[in-house]
Amino acid sequence: MSMVSEIMLDFAERTGLSPARSSPERYLWTDSFAVCNYLGLYRQTGDAQYRDLALRLVDQVHGVLGRHRPDDRRTGWISGLSEEEGQRHPAAGGLRIGKTMNERGPDEPFDDQLEWDRDGQYFHYLTQWMHALDCMSRVTSDLTFNRWAVELAKGVHARFAYELRRGEEKRLYWKMSIDLSYPLVPSMGHHDPLDGLITYAELQATHAQLSGQTAYQELSGEISDMARICAGGNWATDDALGIGGLLTAAYRIARLRDAGSDAGNFLETVLQDCLSSLASFSRRSSLGLPAEYRLAFRELGLSIGLQAIQELTELAGRYPDFFKKPLGRVNVKGFEPYLALIEMINAFWMKKKNQESAAWKEHRNINMVMLATSLAPDGYLSDP
């Protein structure tokens, strides 16, 4: 935990969180994991400084990424709410990614390479932030964060989800403009609907648990949309970060089963796709290459996912009857040969010489935070 603490305190200083800077560096994906890491440190140590850093980071993300960019002619909350209303509903209009370049205008030509550096809103980043806010509510027992996450879910779902033709199955845009008025990349992210389904179900489960309103169904319509999009889906991938996310999804689905969520219906399929993805990755693995040819945060995402599967395996062992039916033909012991990758990945990226590579330095913040999560994943994998 001392190394994780060192990493996260350095991240706070490096990005202008603590001590606070007037122009902090905020990036939604990285900050989502960082909130969970601070909460994990708080739960492990009882030291209130980590809880306070998580609270400050939530406020900073909303204050920076919930508002228009400094180089934009528009000002104020991207939701269009007044200053006072925006403070009460800081994520109602979504949150910017935090990219270095401003978004592409609706009449500007598309450039595939340039688009990676342009701002906007990513659905899969937004679901990560919903998860972080939900973790805040579970750790603090304060429903405010969960309510903000539900508002975020409802607001962005209405803009990201669309029908090609009236009455047809909905799809999701992958990337939208800062104000959610037009799509920047219309194709659908491979795991976006699954992420949405699981995250929405978690939000409802947390609200029901903390409020005592067992019939809470605020996101039932959105969950139904996602379940229909997910039906018949094939989630297999050979991308390390994608596999890690899929492994984590399987664990989150397992945790939601007793809440009666529609997400539970997908557990066997997701686990089968996890196994085929790991087999494919192992055949093409880049883990033997030097650091300059590898992306740490993608590999660390895989490590986090494998640790989630360890948690799922323990659940299945403790409650064999509960998991027998949804696991179907999948034997969780099939994951055991891949668990050695956790230590292999973590050990490689903990070495200072590998952190001196250009590939590490180019993505230093996200690499630092994902390494901390991989070394101590409990904050991120906290129970729904």
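**Exercise 1.** Is the crossing of H2 and H6 left-handed or right-handed? Work out how the two helices lie as well.

*Solution.* This is a predicted model.
- Step 1. Locate the helices: H2 spans residues 28-45, and H6 spans residues 123-140.
- Step 2. Take the geometry. The packing angle is about 20 degrees, and the axes lie 8 Å apart.
- Step 3. Angles under 35 degrees count as roughly parallel, so H2 and H6 are roughly parallel to each other.
- Step 4. The handedness of this crossing is left-handed.
- Step 5. Look at the contact. Residues of H2, including Leu-28, Trp-29, Phe-33 and Leu-39, meet residues of H6, including Tyr-125, Trp-129, Ala-132 and Met-136. By class, this contact has 14 nonpolar, four polar and two charged residues.

**Exercise 2.** Which way does H6 run relative to H7?

*Solution.*
- Step 1. H7 covers residues 143-160, and it packs with H6 at an angle of about 160 degrees, axes 7 Å apart.
- Step 2. Angles over 145 degrees count as roughly antiparallel, so H6 is roughly antiparallel to H7.
- Step 3. H6 passes H7 in a left-handed crossing.
- Step 4. Among the residues that meet are Phe-123, Leu-133 and Ser-137 in H6, and Trp-148, Leu-152 and Phe-160 in H7. The contact of H6 with H7 has 14 nonpolar, four polar and one charged residues.

**Exercise 3.** Is His-191 buried or exposed?

*Solution.*
- Step 1. Find His-191 in the loop between strand S5 (183-185) and helix H8 (192-211).
- Step 2. Its relative accessibility is 12%. Buried means under 20%, so His-191 counts as buried.
- Step 3. Leave aside neighbours within four places in sequence: His-191 is in contact with Trp-235, Thr-237, Gly-242 and Leu-246.

Methods: Residues are numbered from 1 along each chain as its sequence is written. This is a predicted model: local features need pLDDT of at least 70, side-chain atom pairs count only at pLDDT 80 or more; totals for chains, interfaces and linings use all residues. Side-chain values use heavy atoms; hydrogens and water are left out. Axes are lines fitted to C-alpha atoms, for helices over the stretch in contact, and angles run from 0 to 180 degrees between N-to-C directions. Helices (H or I, at least four residues) and strands (E, at least two) are DSSP runs, numbered from the N terminus. Angles under 35 degrees count as roughly parallel, over 145 as roughly antiparallel, 65 to 115 as roughly perpendicular and the rest as oblique. A crossing is left-handed if the near helix is turned anticlockwise from the far one by less than a right angle, and right-handed if clockwise. Contact means heavy atoms within 4.5 Å. Ala, Val, Leu, Ile, Met, Phe, Trp, Tyr, Cys and Pro count as nonpolar, Asp, Glu, Lys and Arg as charged, and the others, Gly among them, as polar. Buried means under 20% relative accessible area, exposed over 50%, partly exposed in between (1.4 Å probe, protein chains only).
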